[in-house]
Structure formats: structure tokens, C-alpha cells
Amino acid sequence: MAILTGAQIIWECLVREGVEVVFGYPGGTILPAYDAMLDYPVHHVLTRHEQGATHAADGYARASGKVGVAIATSGPGATNMVTGIATAMLDSVPMVCITGQVGSSVLGSDAFQEVDVTGVTLPITKHNYLVTHVEDIAPTLHEAFYVAREGRPGPVLVDITKDAQNAKTEFVYPTQVHLPKRATKPIPEAQLARAADMIAQAKRPVILAGHGILLSGAMRQLREFAERTQTPVALTLLGIGVFPREHPLCLGMMGMHGEAYANRAVQAADLLIAVGMRFDDRVTGNLKTYSPLSKKIHIEIDPSEVAKNVHVDLPLIGDAAGVMNQLMPLIHPEPHHDWLEQIDEWRDDTRARDIIARDGDGKLLPPQVIRDLWKATNGDAIVVSDVGQNQMWEAQYYLHSAPRTLITSGGLGTMGFALPAAMGVKFARPDAEVWVVAGDGGFQMTQAELQTLRQEGLKINIAILNNGFLGMVRQWQEFFYKRRYAATPITSPDFVKLAEAHGHTGILVTKQEEVMPAIQAARENAGTVVIEFRVESEESVYPMVPAGADLHAMIRRPILEQIGK
Ligand SMILES: Cc1ncc(C[n+]2csc(CCOP(=O)(O)OP(=O)(O)O)c2C)c(N)n1
């Protein structure tokens, strides 16, 4: 039996878990682990900030479906991870973060670079551990990977003291996890029959499809169900990709910046079948007036999400694919002609107002940039969007047809997510065309990772929609604070020079006719390209449901003739 140091055991465990790449940043308390790393076949990516490491691990996990791994030292290294961990937590992303901790003899003494990181991250991890004995490292890491991916996935932090890394013990990789098994019971027949009955009775059903469908791999079941019952499918932001955007039954995104016709359908529905989604406030608007006429079936793996926000008539607790498999034999074809016709009418009205139906009067409009990106890439790129208006335009105008092709921070809405996450995506899918879509504000938050791309020789294309504002906040100020633009005008570096300073190519685009050639040039370039699109500064995202307002009280896109554009 091999006698190994704790530091070696860490890497033995990672190799056994199938980890090929980790993202991190070294420091004193994690030095033993970094030293041992050189003897193991795991690629380490030195990000420029620990937040970047966590977002990269997160992007890797979202694009691959595997567990992402990030490593940092104690104290400031660990606290720099907090935003990335919270981002993964709110979006149910499987991740293991390993942090070094001060020696166990000085724990609790405010030693140099000591922070109680298990305390700090308790509310934002699925689970976390402090390991002070070398014998506990292997069982703990094994359990951490299990917890991260089991059931509803999430981030797990393992904090390991420096003395535990230096100490030696026999290495045996555990084969079992000693945790109480959460029984996945089949849904009782009576409940399934009731669901089938509600579905058969419905005249105006809508499926609300969320991230849980992706996590469970229930895309085929969703499509079969929707087609057999002719039920339209509205998507959450993280549900984008689980149902093809161009499918006739696809309503696109719902909620605050969802399509008006999707929200109208939800409000008029007599049955909502929610699958792997959690009725987030960005989806529902005012709960008191949310879809008032509908009965609600909720298919959800995490029982604590059921009836948390919205009254549910029939919960079906379990993995989305499993529950839908059980339900399918009881479901009969339903045409729903009148309902689909009604929705088509609403859809036509929405399209007539669409900004991309507007005649190009030379102005550079962000939705048109995104639509051109979709056309140029044939919809086949993986787009990693940041947060703000850029994120919503991406969700509205890039028509995703496959799962794991939109990577974005949904629940936490973390500005600065896109660039580091895209690095992780590129490691997960080296052959994929990866685009970052970011605003000028969010991009500046983690722009240092441009140099990590350089060090790793990674090719990513980056589209910065530079409107000179923290655009989404400016929009709220325009709509709700009488255009008093407090702290939202923002300057930027010369992004072309910035790209060049980091050893990449930069392109500036100021006119509509330059958009396509720039996108094509970026696609053909072997290295990373940053395109700065100087877009209209005060363009807003429509439609919009004001925060907390009724879902049907949307601020619609203005009718173009009326506003004289
Ligand atoms: C870390 C972080 N800080 C603040 C916010 C609040 N916030 C949401 S959107 C936004 C503006 C984003 O501006 P920009 O990145 O330029 O993108 P745009 O909206 O213009 O596309 C801000 C400040 C946030 N989401 N995340």
C-alpha cells in the first residue's frame, strides 16, 4: 500500500475522479499541493484572479456536464472565490473548490492569511468541509465530488490545513460514500394518473422549461411530450437550449425580458407544467397576479423548491427525465388548435414591433449585432454572455438550438462572469467556436483574464457591446428614476489596444455594415480576437416587466411608426 503525503493524495483523488484540468492560483497554505501537482497529469490553468478560477471551473462544468475544479490559497485567495462559488450555487453547477488553510495548530488564532472560509461559504455552498487530518483527505474529496454532482448539483468547498497536506498516510481511494441515500421513489400511480388527467383536460397548457431539464438530460422527453400534446414551451434563461428555439412550439424566453407573447401565454394558460425550474421572481413578476387561471404541475428534483414561491396543485418530485418517462405512456395526443392560433396572433404582433425589423439607419443597434452573430455562426457557437443588457439581447436574438450552447450567470447575475467562464468552456469543448458577449462594464471587471488566454494559447472570440453606460442600470434609471444617470456613465480603455497589449487582435466596429466582416475576420483568425462594437448608447431592452410588477403589465417594444423611427 502506498504511503503518500496529503498533497499527493489530493491529486491522486482528482485523477481518479477523472479531472483533467483545474483552475487556480497558488499561495503559502496550498504550496504543498502545488508542489505535488507537478508529478500528476492534471493541467493547471493559472488565472489572474481566484474569482476567474471559479468562473472558469463553472464554465467548464456547464459546458461539459462534469465537475469543475478550482484551487486557491487561504485568506484572500479563498475569499476571492466567494463570488464564483455563489454564482455556481444559484445556478446548480457542480464544482469542487479546494482551498489551503493555515496549520491546524494555529487555527482560530487570526494567523497570517487565516479566514474561516467554511464559515464564510456555508450559505453559498451545497456542502463544505474543513480537513485537518491527512487520513480524511481522500474520503472527504471522494464525498465532495459525489455531493457536487448528486441530485441537484452544486458547489462544494474542501478546506485543507497545511499540516494535513504535509503529513503522510496510506492512500486508499474509497469505493463508497457513507451518506444516507436519498431514495428516488417512483411517482405513485395515482399521482401520475392525476397529472395525465390534468393534461388531458387542459385547453391552454404551457410548459415552463428550466435548467433542470438540461441537468437531467431530459431534452428528448421534453420534445416528445411537447409534440405529442402540442403544448407550447416557454424557457427560463438557463433553460435556453433545452428546446430548439426555431421549433414551432417554442415560445422563447419568458419573464422580465421574455417575449411578450410568451408572457401572455403564461398569463392566459389554464395549465402550467413546470419542469426543472424554480419560479424565480425574474420569471413570475408579481406572484399575486401570476398566471391566475392555471393549475400547476411541478416536476422538480429538489422538494424544497416546490411551493416555495408559487402554489402548486400537483408536485411530481424526481429527476425530470425519470418523471417524464413515467408520465409519457399516459399522455395522449391533443391538438390545441385554438390555443396555438391565439399564440401565433400574439407572436405576429410582437414581431411587428421588433427592433430588428427596423430599417438600418446607420446606427449600430445591439440586437442587430447579436442577430448577425447568430447568422454568421449558423447558430452553432457556444456563447458565453455576461450580465446586463448584453445578456438579455443575447438571450432574445441568438437563437440557440442545442443544450449547453448558452453559458450565463442566471441566478446571481454576476458581472465579469463571461470572460473567465469562456476559458473553462474552451477547455471543455476545445473544438467548439466560443464567443463571449459582454458589456463594457462587466468586461472591465475580469479583463485581466485576457492574459490567461494568452498564456494558455486559447482562441476565443469576444464581442464587447460598448454603450458607454452600465446599460441595464441606466435603463432602470431611464424608466424608473427620471433619467437621473447616477454612476452609470462609464469610460473604457481602448479595447483594441488592450487586446493588442495582451497579445491578441483587436477590431473596432462603429457601423452596421462593418459588423459581418468583423465577425468573419474574428472567426478566421487563429488567435483570440476582441471586437469592440460601439453601439447606440441609450438603447433599451424590450419588453420589460418592471421588478415586482404583474407579468402582463409589460413595457412593450414601442410600435416603430409611432415613435417615428
Ligand atoms: C458584480 C456585479 N455588480 C453589479 C451588478 C449590477 N448590475 C447589473 S447589470 C449592470 C450593468 C451592466 O453594464 P455593462 O456591463 O456595461 O452591460 P450592459 O448592460 O450595458 O450590456 C449592473 C451594474 C451586477 N449584476 N454584478
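Colleague: How far from an oxygen atom of the ligand does a polar side-chain atom of Asn467 lie?

Modeller: This is a predicted model, in which local features need pLDDT of at least 70 and side-chain atom pairs count only at pLDDT 80 or more, while totals for chains, interfaces and linings use all residues. Residues are numbered from 1 along each chain as its sequence is written, and side-chain values use heavy atoms, with hydrogens and water left out. A polar contact is a pair of N or O atoms within 3.5 Å; within protein, one must be able to donate a hydrogen and the other to accept it, and residues adjacent in sequence count only if both atoms are side-chain atoms. For Asn467 and the ligand oxygen, the separation is 2.9 Å.

Colleague: What percentage of the ligand's accessible area does the protein cover?

Modeller: An N or O atom in the side chain of Asn390 lies 2.9 Å from a ligand oxygen, and the side chain of Asp440 also places an N or O atom 2.9 Å from an oxygen of the ligand. On its own the ligand has 590 Å² of accessible area, a value from the Shrake-Rupley method with a 1.4 Å probe (for residues, only the protein chains shown count as cover).

Colleague: Which element gives the most residues to the shell around the ligand?

Modeller: Around the ligand are 17 residues, of which Gln389, Gly413, Asp440, Gly442 and Gly471 come nearest; a residue is near when one of its heavy atoms lies within 4 Å. Elements are DSSP runs numbered from the N terminus, helices being H or I of at least four residues and strands E of at least two. At least two shell residues each come from α17 (389-397), α19 (440-445) and α21 (471-480). With four residues, the element that gives the most is α19.

Colleague: Which element gives the most to the lining of the largest cavity?

Modeller: On a 1 Å grid over the protein atoms alone, a cavity is a set of points where a 1.4 Å probe fits but cannot get out, and lining residues have an atom within 4 Å of a point. The lining consists of Val369, Ile370, Leu373, Ala463, Leu465, Ile519 and Phe533. Two or more of the lining residues come from α16 (366-376) and from β18 (461-466). The one that gives the most, with three residues, is α16.

Colleague: Which residue forms a salt bridge with Arg16?

Modeller: A salt bridge is a side-chain nitrogen of Lys or Arg within 4 Å of a carboxyl oxygen of Asp or Glu, and the whole structure has 25 of them. The closest N and O atoms are 2.7 Å apart, and the partner is Glu12.

Notes: On a 1 Å grid over the protein atoms alone, a cavity is a set of points where a 1.4 Å probe fits but cannot get out, and a pocket is an open set with protein on both sides within 12 Å along at least five of seven lines; lining residues have an atom within 4 Å of a point.
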